[in-house]
2 protein chains.
Amino acid sequence: MAWFRNLIQVSAIRALIKPRNTHPPLSLYTSLTHFSTDPTTHQTPPTNPIQYSGLPPTKSNEKPRVVVLGSGWAGCRLMKGIDTEIYDVVCVSPRNHMVFTPLLASTCVGTLEFRSVAEPIGRIQPAISRAPGSYFFLAHSTGLDTDNHVVDCRTVTDEANTLDPWNFKISYDKLIIALGAQALTFGIRGVTENAIFLREVSHAQEIRRKLLLNLMLSDVPGISEEEKRRLLHCVVVGGGPTGVEFSGELSDFIIRDVHQRYAHVKDYIHVTLIEANEILSSFDDRLRRYATKQLTKSGVHLVRGIVKDVQPQKIILNDGTEVPYGLLVWSTGVGPSPFVKSLELPKSPEGRIGVDEWLRVPSAQDVFSIGDCSGFLESTGRPTLPALAQVAEREGKYLANLLNKIGKAGGGRANTAKDMELGDPFVYKHLGSMATIGRYKALVDLRQSKEGKGLSMAGFVSWFIWRSAYLTRVISWRNRFYVAINWATTFVFGRDISRI
Amino acid sequence: MAWFRNLIQVSAIRALIKPRNTHPPLSLYTSLTHFSTDPTTHQTPPTNPIQYSGLPPTKSNEKPRVVVLGSGWAGCRLMKGIDTEIYDVVCVSPRNHMVFTPLLASTCVGTLEFRSVAEPIGRIQPAISRAPGSYFFLAHSTGLDTDNHVVDCRTVTDEANTLDPWNFKISYDKLIIALGAQALTFGIRGVTENAIFLREVSHAQEIRRKLLLNLMLSDVPGISEEEKRRLLHCVVVGGGPTGVEFSGELSDFIIRDVHQRYAHVKDYIHVTLIEANEILSSFDDRLRRYATKQLTKSGVHLVRGIVKDVQPQKIILNDGTEVPYGLLVWSTGVGPSPFVKSLELPKSPEGRIGVDEWLRVPSAQDVFSIGDCSGFLESTGRPTLPALAQVAEREGKYLANLLNKIGKAGGGRANTAKDMELGDPFVYKHLGSMATIGRYKALVDLRQSKEGKGLSMAGFVSWFIWRSAYLTRVISWRNRFYVAINWATTFVFGRDISRI
């Protein structure tokens with residue numbers, strides 16, 4: 001009892017544990033700051049209280065506030081480059097990490113661990129977790145008032161059954177919209193319900209769990225030959241780099257690991273890649289032919305076809321062909337998300353947020369947009385850049401420098417940089433494309449454009465370049481270390497097949 | 001188009017892709033083998049077909065079949081030791097891996113990765129994935145017919161929306177029931193709904209996700225001081241080794257990582273450990289006092305109390321005290337699962353499956369039981385052994401040797417070992433207990449019983465012993481390597497805080 005007597009005096013515990021009946025009702029929506037501009041503040045219905053709290057406009061004794069919506073390549077590269085001596089940084093995103101997307105396909109089959117490709121934002125920009133005026137908010141952006149320099153947000157609480165989501169507002173001095181894009185389904189019925197995309201760590205986890213589940217289920221007595229074949233038919237729709245890399249990883253997994261660890265069902269598993277046009281259309285012809293040959297050799301069935309309908313157990317193609325599947329991965333490019341579409345901002349010809357050469361949204365003071373959600377306005381005469389990590393990263397880096405420059409020149413605060421000379425506009429220089437195709441082979445295309453001239457190569461050396469290039473681009477030393485360790489252990493011990 | 005023309009000839013693809021309208025209806029429940037003993041086979045209602053397929057009794061040209069129910073310490077150690085020259089091994093379990101439970105608490109806060117503590121069964125006993133007559137089935141055991149030597153099973157398909165679970169039967173020559181136990185809730189209302197146990201990798205994942213969610217939510221504007229304090233109040237109920245180790249890990253995480261990476265909310269997070277009696281009751285008095293002092297020093301509030309009711313946001317103790325919480329981990333010991341209770345087999349005084357000195361279930365020919373689900377029959381005059389990994393592992397090892405011996409003597413087949421001389425009965429020798437309490441401190445109690453004499457020590461050296469001992473006991477070299485790497489990176493870079 002000694003320990004208990006000693007402890008009962010700890011004062012902190014008193015604050016936590018209250019005697020019955022003196023416990024005041026929890027007021028979940030107590031506001032820190034009410035916005036006088038918000039008319040709903042005092043009209044809260046009791047059942048669904050919508051009171052707004054948030055971060056008010058910065059005062060003159062505070063640093064100007066850069067608000068970043070999104071935590072992808074563009075937003076994270078920007079946050080990394082922001083000078084936190086000049087600005088406070090606030091990030092609003094439904095996920096607290098950046099995904100190293102080029103390596104995501106490798107995590108689906110256990111070549112890499114999930115955590116090796118996820119980088120917490122607090123590591124990318126440490127001020128977010130330490131500086132008094134910098135924050136990360138786990139929330140969706142729900143609205144934007146460019147006149148008043150305010151963003152509406154709603155917390156992500158989906159898994160906490162003890163807490164309802166609530167709304168809050170953030171005033172910004174500079175706003176960077178870097179919300180990325182979402183997978184395109186072309187309005188094909190059943191895609192969202194039945195297919196898995198490959199854009200987030202949770203997607204890769206879902207693919208892995210389903211693949212391993214199907215491998216195990218197909219071995220259980222009572223399953224027909226046909227059903228076994230269906231369960232183990234992995235169909236990938238979309239022949240871009242993601243679809244091709246995933247198909248390659250999958251065939252590697254089958255050749256090396258399934259044959260050894262699921263020997264009973266190894267002859268039933270197949271991979272089919274369906275593409276409406278040509279696979280890897282952005283790559284050199286020679287590389288494309290090489291990839292086609294190599295994928296076929298590894299057992300990937302390449303099918304040219306257009307998907308018409310997706311049902312729970314089969315796809316229907318345009319020509320009426322039925323393709324039964326057990327796992328369906330959808331990777332046919334990306335387009336603007338509903339929130340981006342809903343924003344009343346100028347748009348690029350593709351429906352992205354329209355920006356000028358300095359990545360500004362011209363009609364809205366202090367608003368910028370980078371990454372897959374943005375595109376050049378038609379008036380700039382520039383083509384919209386492809387939705388690539390490379391583009392997003394370069395834009396983030398450029399904009400961080402631009403904002404630092406603006407801040408140093410005293411234009412950090414809202415509405416103070418209107419007529420400032422911004423210097424060189426953003427110019428994108430393509431460094432080349434890479435894709436791995438399995439079996440220690442990859443493609444490296446160093447031409448600056450589809451029509452341009454330059455080095456392009458394929459094979460083991462390319463694969464080695466592919467691995468080295470990505471390894472050096474992984475953001476933190478911790479993850480660089482883990483990716484290298486993962487690759488080494490996969491090489492020595494094979495892939496991990498535990499389904500957790 | 002060249003690649004497409006080449007590929008269209010691949011014959012395998014024909015088997016997968018069928019032209020419309022020639023596709024026969026999928027007959028999911030086609031049986032491989034019908035059991036003549038099963039009267040329901042031909043009375044299947046069309047809406048919910050219950051046809052049974054499965055593995056029939058072994059024939060004389062096949063190896064005798066050992067069926068293992070469960071994939072915990074006991075079952076896995078047994079499978080590892082079984083001589084696959086003599087037996088085929090079939091494992092039935094809802095998870096395809098073993099969990100290295102002593103290190104599970106460390107995964108909740110990112111000290112270790114989840115995969116480092118999960119060992120796929122195919123690695124523990126490779127024959128399971130390769131030998132023609134050995135299998136792993138992802139399924140629950142649902143019934144047992146000891147007269148006919150048959151186990152009923154039902155597949156686990158919870159996450160596959162394209163497939164309904166189905167039933168099948170497995171005939172055994174030897175059956176080993178190693179189903180473990182389930183967390184005790186003592187009938188307290190709300191525990192199952194609101195608390196998280198700490199027994200599976202999925203539990204640790206849930207704890208981690210919730211902890212990180214609460215840390216992030218508590219930083220979002222609009223949350224009251226009181227609510228913030230509640231969200232960040234981590235309550236652990238149960239002061240056994242699991243509860244203490246988890247509290248220790250949590251306080252380490254708070255001291256080292258939360259203070260650095262969640263600086264805004266660091267003063268709101270607290271850990272309370274509630275125990276009805278004394279913490280670590282199986283340990284030496286001196287060690288217990290040491291643990292109490294160390295935990296208190298690390299900021300863990302030790303509270304003696306009995307939980308009466310668990311509500312979504314607060315616990316009510318017996319004396320009426322209300323304890324608001326954001327995360328509730330429940331670890332108050334284990335008891336028999338409903339399936340074990342339902343089995344019509346002799347039971348030990350604690351309600352576990354009763355076994356004799358050779359771990360046999362006396363009334364059922366060829367049935368054995370090991371691990372937390374089994375206990376000595378009263379008639380043996382032996383006390384029931386504690387529900388420890390150590391006990392389960394020793395039983396698995398003993399039984400593997402016993403079965404190998406029986407098999408070598410020609411008694412492997414069902415009903416052939418009735419009067420066989422079994423040799424030495426199982427004797428458990430306690431090797432000592434260990435528990436880490438955070439801050440590089442651990443307890444090591446090498447006494448053979450609570451009353452016995454022997455070495456007991458606490459502190460850094462113990463912590464070092466704790467780590468080394470577990471590291472050497474991790475089953476595969478792969479995971480041994482990963483645990484060491486995880487520890488090293490946590491030491492250098494801090495814990496991982498990405499919420500994926």
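Student: Which side chains meet in a salt bridge with Asp356(A)?

Tutor: Start with the cut-off. A salt bridge needs a side-chain nitrogen of Lys or Arg within 4 Å of a carboxyl oxygen of Asp or Glu. Here the partner of Asp356(A) is Arg360(A), at 3.0 Å from N to O. Keep in mind that this is a predicted model.

Student: Is Asp356(A) buried or exposed?

Tutor: Buried means under 20% relative accessible area, and exposed means over 50%. Asp356(A) has 9% relative accessibility, so it counts as buried. Arg360(A) is partly exposed, at 26%.

Student: Are Arg208(B) and Asp496(B) buried or exposed?

Tutor: Both are buried.

Student: Which residue meets Arg495(B) in a salt bridge?

Tutor: Asp257(B) does, and the N to O distance is 2.7 Å. Arg495(B) lies in the segment after α15 of chain B, while Asp257(B) lies in helix α10 (residues 241–261) of chain B, so the pair ties together parts that are 238 residues apart in sequence. Then check accessibility. Arg495(B) is buried at 6%, and Asp257(B) is buried at 2%.

Student: Which residues do salt bridges that share partners join into one network?

Tutor: Look for shared partners. Glu113(A), Arg208(A), Asp496(A) and Arg115(B) are joined in this way. The network holds residues of chain A and one of chain B, Arg115(B).

Student: Now the domains. What does the domain assignment of chain A give?

Tutor: A domain may be written as several sequence ranges. In chain A, domain 1 is 56–181 + 355–429, and domain 2 is 184–334 + 432–493. Their C-alpha centres lie 31 Å apart.

Student: How many residues of domain 1 of chain A are in contact with domain 2 of chain A?

Tutor: Count each side on its own. Domain 1 of chain A brings 33 residues, and domain 2 of chain A brings 31. The buried area between them is about 2900 Å². Carbon and sulfur atoms give 60% of that area.

Student: Which three residues supply more than any other three of the area that domain 1 of chain A buries against domain 2 of chain A?

Tutor: They are Cys108(A), Val109(A) and Phe114(A), with 21% of the area that domain 1 buries there.

Student: What is the count of salt bridges between domain 1 of chain A and domain 2 of chain A?

Tutor: The count is 1. As for polar contact, 12 residue pairs qualify between the two domains, both residues at pLDDT 80 or more.

Student: Which elements each supply at least two residues of the side of domain 1 of chain A that touches domain 2 of chain A?

Tutor: They are β4 (97–99), α4 (104–107), β5 (118–120), α5 (121–124) and α13 (389–408) of chain A. α4(A) gives the most, with 4 residues. By class, that side of domain 1 of chain A divides into 16 nonpolar, 8 polar and 9 charged residues.

Student: How many helices and strands does chain A come to?

Tutor: Chain A comes to 15 helices and 24 strands. Of its 500 residues, 60% count as buried. Among the contacts in chain A with a separation of 6 or more, 64% are between residues 24 or more positions apart.

Student: Where is Lys174(B) found?

Tutor: Lys174(B) is in strand β9 (residues 174–177) of chain B. Now test the side chain's surroundings. Lys174(B) is buried, at 1% relative accessible area. Leaving out residues up to four places away in sequence, Lys174(B) touches residues including Asp366(B), Tyr87(B), Phe368(B) and Arg413(B).

Student: Last, backbone angles. What is phi of Phe186(A)?

Tutor: Look for a positive phi in a residue other than glycine. Phi of Phe186(A) is such a value, near 55 degrees. Phe186(A) lies in the loop between β10 (182–183) and α7 (191–194) of chain A. At 56% relative accessibility, Phe186(A) counts as exposed.

Student: And what is phi of Phe186(B)?

Tutor: Phi of Phe186(B) is near 55 degrees, again a positive value. Phe186(B) is in the loop between β10 (182–183) and α7 (191–194) of chain B, and is exposed at 56%.

Key:
Residues are numbered from 1 along each chain as its sequence is written. Chains are lettered from A and ligands numbered from 1 in the order in which they are written. This is a predicted model: local features need pLDDT of at least 70, side-chain atom pairs count only at pLDDT 80 or more; totals for chains, interfaces and linings use all residues. Side-chain values use heavy atoms; hydrogens and water are left out. Domain bounds come from an automatic or database domain assignment. Contact means heavy atoms within 4.5 Å. Buried area is the accessible area (1.4 Å probe) that two parts lose on being put together, summed over both. A polar contact is a pair of N or O atoms within 3.5 Å; within protein, one must be able to donate a hydrogen and the other to accept it, and residues adjacent in sequence count only if both atoms are side-chain atoms. Ala, Val, Leu, Ile, Met, Phe, Trp, Tyr, Cys and Pro count as nonpolar, Asp, Glu, Lys and Arg as charged, and the others, Gly among them, as polar. Buried means under 20% relative accessible area, exposed over 50%, partly exposed in between (1.4 Å probe, protein chains only).
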